Amino acid sequence: MGKLIIDGNSVYEIDEACIERKGRQEKEQQDRQEGPKRRQYPERSRRGI
């Protein structure tokens, strides 16, 4: 389902599925450029010190 944008005498339809696909593609491309991410572990508490 799309959204309708009314601007004066002009009417535009926004394809939400297309916008989501484009966003995912851009994120995947950005992730590829940054390289693999390190997995971050929570800090361990130091008991008994």
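Ile5 counts as partly exposed because its relative accessibility is 39%; the partly exposed class lies between buried (under 20% relative accessible area) and exposed (over 50%), with a 1.4 Å probe and protein chains only. The model is predicted: local features need pLDDT of at least 70, side-chain atom pairs count only at pLDDT 80 or more, and totals for chains, interfaces and linings use all residues. Residues are numbered from 1 along each chain as its sequence is written, and side-chain values use heavy atoms, without hydrogens and water.

Helices (H or I, at least four residues) and strands (E, at least two) are DSSP runs, numbered from the N terminus. Of the 49 residues, 0% count as buried. The accessible surface is about 5700 Å², computed by the Shrake-Rupley method with a 1.4 Å probe. Carbon and sulfur atoms account for 47% of that surface.

Ile5 belongs to strand S1 (residues 2–7). With Tyr12, Ile14 and Ile19, Ile5 forms a nonpolar surface patch. Together these residues have about 360 Å² of accessible area. Patch residues have over 30% relative accessible area and no salt bridge; nonpolar side chains (Val, Leu, Ile, Met, Phe, Trp, Tyr) are joined within 5 Å, like charges within 9 Å. A salt bridge is a side-chain nitrogen of Lys or Arg within 4 Å of a carboxyl oxygen of Asp or Glu.

Glu13, Asp15, Glu16 and Glu20 form a negative surface patch. Asp and Glu count as negative, with the charge placed at CG of Asp or CD of Glu. Strand S2 (10–15) and helix H1 (16–34) each supply at least two residues of this patch. Glu20 lies in helix H1. Glu20 counts as exposed because its relative accessibility is 51%.
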